Amino acid sequence: MDRALVRSIEGNLSERAGVSCVRVSLAEEKGTVLYDPDLTSPEELRAAIEDMGFHASLTELSCPAGRQNQQVPSGENTGAHGSSSQACPSPSETFQPITVNSSPARQEAGTQKCFFRVTGMTCASCVANIERNLQKQTGIVSVLVALMAGQAEVRYDPQVLNTAEIAQFIRALGFGAELIKDGAVTDGKLDLVVTGMTCTSCVHSIEARLASTKGVLEASVALATSKAHIKFDPEVVGPRDIIRIIEGLGFSAALMEREGISSRLDHQGEIREWRNSFLFSLMFGLPVMGLMIYMMVMDSQHQGGSSMHQGQNVLPGLSILNLAFFLLCTPVQIFGGRYFYIQAYKSLRHGVANMDVLIVLATSIAYAYSCVMLLVAMAERAEHSPVTFFDTPPMLFVFIALGRWLEHVAKSKTSEALAKLMSLQATDATVVTLGTGNSILSEEQVSVDLVQRGDIVKVVPGGKFPVDGKVIEGTSMADESLITGEPMPVTKKPGSTVIAGSVNAHGSLLVQATHVGADTTLCQIVKLVEEAQTSKAPIQQFADRLSGYFIPFIVAVSVLTLVVWLLIGFLDFGVVEKYYPGFDPTISRTDVVIRFAFQASITVLSIACPCSLGLATPTAVMVGTGVGARNGILIKGGEPLEMAHKIQVVMFDKTGTITEGAPRVTRVLVLWGHRRLPLREVLAVLGTAEASSEHPLGVAVAKYCKEELETDTLGYCTDFQAVPGCGISCRVSNVTALLQVEPKGSEAQSPHVLLPGVPEDESCLVDMAELHAAGPSSNPSYSVLIGNREWMRRNGLQVTADVEDAMSSHESKGQTAILVAIDGVLCAMLAVADTVKAESALAIHTLNSMGIDVVMITGDNRKTAKAIAAQVGIRKVFSEVLPSHKVAKVKELQERGWKVAMVGDGINDSPALAQADMGIAIGTGTDVAIEAADVVLIRNDLLDVVASIELSKKTVQRIRINFVFALIYNLLGIPIAAGVFMPIGLVLQPWMGSAAMAASSVSVVLSSLLLKLYKKTSVEHYEMLAQGRMKTLSPSQISTHVGLDDRSLSSTLSRRCSASPWGHWSLRGIMKEADLVV
């Protein structure tokens, strides 16, 4: 159970009548409720928690009624954020401890999570180094380091150590570490720069004034740094109010600038650093390449002689070429290799090896070997200057720097999607003060961080919406394509919601802020994508472990290569003489053998590349999650991205997922003639009556009537009475004003009113001859009855066979039939239903065609569930399922070895979403469902479920290709470098190995970038594939189960399904609960 679920339980219980205080302990999985026993009971509270999808049980009362000021026992009233217990305020209120269990995994109690920007990581071994060493530190619970994002996520115990100490641990390992803070205003905390303070009395006056301000919890001002840190309640006071208070005291205050996410995504610093390093190495490397070409030409002209003959010696044993090589190599070795030497030293100091160690070994051995050979030749006053490896370090550094430069350029492309999302954020907002009639009295340009909830913001044409909010005045179109993936502009009018970062196309709008700062949809999307790109897929964790052993293995292979070739050369020189290219007979055999052995050994060090292994997964995950975000699919990390293509079963919640989630009137059948009472007047009376009802069906009917009458106001309703399970009765008057505007078209004059979608043969089911005429009055008053059959019978009205048949027809389709009687006569029947989303059937058909089984699981009744399943093509249905039983169904499938995805949108779906192998939440659902899910569909489009599986397949395929690149490169490159294939003429120089190493890393990143070409399959394409194949199912084709009872309600279908994996489900141990449901 995480903090989002804790807040959900506390918030929902707090809204119940009689509940004064709720505290839920994350650590203990217990909660304590302070309530009035006259208004509610412990059993009702327990049932309310069960309805949210959690298991709850009652324990002993810890504060009996009649005892005041008694504290709740420790551990049973700890708030989600460590808040203290509250005393019982009166004898009439009682504490009730409740034990709450949920399926989501518990987080470590008493720990905090922080993020660090880590610089200096080059490969997966660096990642393993940081994670392994930090895990050894006392107080650190878990560490997750992301190479691509350059970020570390650390969960720690704040009572043992702090973030500064953690950063110091990382720096001690040889890497840069900086604590990430996303903004100056976060979670009710505000950091300001205050100027104009001269002494401690200034500090005291600011702190005292803020402390006395309602809503300010804590204020700390530092004179030396001119900084202020304030904790406040954003529901009471806002950052702009706090700044005004400080400015009112005569000081200046401004938000402290923080490093944003966009700066962390910027690779320009690394790109510039490696470009300069490449140019510096190239400045010395080009002359070295020229001298190498000159040597090869001279050697070929001497026909078996050496280019370093005695006539070219500056000193005995020192030739002009070797002197030039030494002078060109030394600056590169000292200055160009400085970074590598520092990193290698820090790495080796902690007993680990990374890529920098291989580079330092290769260049240092080549440089040291060459210097020693020269010194020995000069000491012996040799006639010929020896052949050296001075050309190797400059060439190695040239290709390594080039590879790192191109790699960082490619890395910057992988995070383009997130950077593009960040660029949508507005920097300023125009806050206005309104007068009567929404007239603007004043305007103020403020930073977007200072906009407070409830502020009225003016957005001009072409401007970005700075916050999430609701339009209160104006009409326009908004471009939300970069956020939702929907290409068409969306109409915005009073009452419409707007998303921060979307663009106002035309028309000025006044928007009331509902979500500001880090709570906006855009910020939440950016946070989800960033955390996803920081997370690790299981296959990446394997690659990181492999890289930890890779460097020692390569060093061992390099040493083995050196030893083997020394032995071969001294035991059978003919092998070296036969296969060594450019063999010079004038050079001694010892020199030839040693040179070739060292060349092969250095080439092994140069060509080996763990970087390509380390980059194979994170680059693909980063691009994949970015592409998903661009298409309205938020995937929370590498694990769900890797899991999606393995899904075998998708379980859909019904309400709000397959259906729209809100009932609406689908059909109106008129039961009397137009001359008796016009349809518009019937709707006016009906809408007025239902406007007083709080029942969801009543709300839907009232909304429908208002829309048909094109009005927001209705008549007067008196004597209103609601009978649960039956209907309502009332008197309605003053509806004449609603009928002044005549309806369009000729339907108003028709004897039989036919609404769109109503068959003509059903438009009048009662013969007008059976109705007695009644003259209308100038301001009539109507007696109204609305409800079911039983309600009509109780009030003496007879439901005829024709009406009964019409009602049964609609009820068989899962719709609710409502009868309307005015002045004692049945006049209309309404069909109300939660309609199926337009794309539901197509999405389910597409999943079935992909070989994925689809199940619907709902708390609704069997008849409705079956009707909805028939419309969308689902053959397996579980109806009347409690929220906690949804988890049981998911678990049972998983125990059978199936990979299960759960799609839902409500609080009651959150435990099942967390339990499933992949939880998919609808973006318009509750915050708790979104928090518990692995994938969030921003656009509320079920076809995005298909798209997420498609994207997963593409990403996993790209990861596998990357691994093939990396493994084949290393598996073939290392043996070639070691000289295994020398008999067929494959011999590599060290610089060739370094060029191949650089190419391998760049090729892996470029391979991942090909994912950016992915485009979501269009609806038209799915419709073309499904053409002629999508059919509504008959009831006999649907297997329906009630609650946890797995016995099929259709014996025929039970026999038909007996061989399928859905055959005989049984969940022992909880049949008592199932019996209660049934």
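D719 lies in strand β28, where helices (H or I, at least four residues) and strands (E, at least two) are DSSP runs numbered from the N terminus. The model is a predicted one, in which local features need pLDDT of at least 70 and side-chain atom pairs count only at pLDDT 80 or more, while totals for chains, interfaces and linings use all residues. Residues are numbered from 1 along each chain as its sequence is written, and side-chain values use heavy atoms, with hydrogens and water left out.

The phi angle of D719 is near 55 degrees, a positive value in a residue other than glycine. With a relative accessible area of 60%, D719 is exposed; here exposed means over 50% relative accessible area, buried under 20% and partly exposed in between, for a 1.4 Å probe and protein chains only. A positive phi, near 55 degrees, is also found at E710, again a residue other than glycine. E710 sits in the loop between α23 and β28 (716–723), and its relative accessible area of 69% makes E710 exposed.

Helix α23 (residues 696–709) has a partner in helix α22 (residues 679–690): their axes come within 8 Å and cross at roughly 140 degrees. These axes are lines fitted to C-alpha atoms, for helices over the stretch in contact, and the angles run from 0 to 180 degrees between N-to-C directions. The two helices are therefore oblique to each other, given that angles under 35 degrees count as roughly parallel, over 145 as roughly antiparallel, 65 to 115 as roughly perpendicular and the rest as oblique. The crossing of α22 past α23 is left-handed, that is, the near helix is turned anticlockwise from the far one by less than a right angle (clockwise would be right-handed). On the α22 side the contact is made by R680, L683, A684, L686, G687 and E690, and on the α23 side by G698, V701, A702, Y704, C705, E708 and L709; contact means heavy atoms within 4.5 Å. Sorted by class, this contact has 8 nonpolar, 2 polar and 3 charged residues, with Ala, Val, Leu, Ile, Met, Phe, Trp, Tyr, Cys and Pro taken as nonpolar, Asp, Glu, Lys and Arg as charged, and the others, Gly among them, as polar.

Turning to the aromatic residues, the structure holds 8 aromatic pairs. Rings of Phe, Tyr and Trp (its six-membered ring) pair if their centres lie within 6.5 Å, and planes under 30 degrees apart count as stacked, over 60 as edge-to-face and the rest as tilted. For W274 and F340 the ring centres are 5.7 Å apart and the planes stand at 50 degrees, so this pair is tilted. The pair links distant parts of the chain, with W274 in helix α8 (residues 268–302) and F340 in helix α10 (residues 338–349), 66 residues apart. Both partners are buried, W274 at 5% relative accessibility and F340 at 2%. Ring pairs also bring in F397, giving a cluster of W274, F340 and F397.

P640, in helix α20 (residues 638–643), is buried as well, at 6% relative accessibility. Leaving aside neighbours within four places in sequence, P640 is in contact with I635, M918 and D934. The C-alpha atoms of P640 and S952 are 8.3 Å apart, although 312 residues separate the two in sequence.

For the chain as a whole, there are 35 helices and 38 strands. Of its 1078 residues, 52% count as buried. Among contacts with a separation of 6 or more, 72% come from residues 24 or more positions apart.
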